[in-house]
Amino acid sequence: IAFARAGITEYTIPDSVTTIGSSAFYICNSLTSITIPDSVTSIGHMAFFSCNSLTSITIPDSVTSIESYAFINCDSLTSVYCKATTPPTLGNNSFSNNGGGRKIYVPAASVEAYMGAWSEYASAIVGYDFENGVVVE
């Protein structure tokens, strides 16, 4: 619960961090920008619960697990960029109650794998070319 309810607006997680713990940024309503380094391998239970000002998140390819409710009730979150070619394991309701029309951008070659592994969010999954920063239809 490192920053729970803190008034921070942006934060860069240090490279020394490997796990974003449970409720780390719980109800950080002012948080608009978070940078997750390649050292992080897991995002904990309710880590970003109700971060209502967060509009976009980039999850590095080093992340292998996203626990339940990690990004639930982030009602402004409309863009999730998940760089891993193998979908991270996903807990219950990790991306529920996000902003309207929220899209989850994943490596284009991994769209089917994500749709299978993250079936509850299949309609929101979009192929993305991370090298060139473009959607791949």
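**View 1. The hairpin of strand 10 and strand 11 has 4 residues between its strands.** Here G133 takes a positive phi near 70 degrees. Strand 10 and strand 11 pair in the antiparallel sense over 2 bridges, where pairing requires that DSSP finds at least two bridges between two strands. Look for D129 opposite V134 in strand 11. Strands (E, at least two residues) and helices (H or I, at least four) are DSSP runs numbered from the N terminus. This is a predicted model, in which local features need pLDDT of at least 70 and side-chain atom pairs count only at pLDDT 80 or more, while totals for chains, interfaces and linings use all residues. Residues are numbered from 1 along each chain as its sequence is written, and side-chain values use heavy atoms, leaving out hydrogens and water.

**View 2. Strand 10 is largely enclosed by the rest of the structure.** That is because 4 of the 5 residues in this strand (residues 125–129) are buried, meaning under 20% relative accessible area with a 1.4 Å probe, protein chains only. Strand 10 runs parallel to strand 9, joined by 4 bridges, and P107 stands opposite Y128.

**View 3. An open sheet is formed by 5 strands in the order 5-7-9-10-11, with mixed pairing.** Strand 5 and strand 11 (134–135) are the edges, each pairing on one side only. Further in, strand 7 and strand 9 pair in the parallel sense over 3 bridges, with V80 opposite I104.

Technical notes
Buried means under 20% relative accessible area, exposed over 50%, partly exposed in between (1.4 Å probe, protein chains only).
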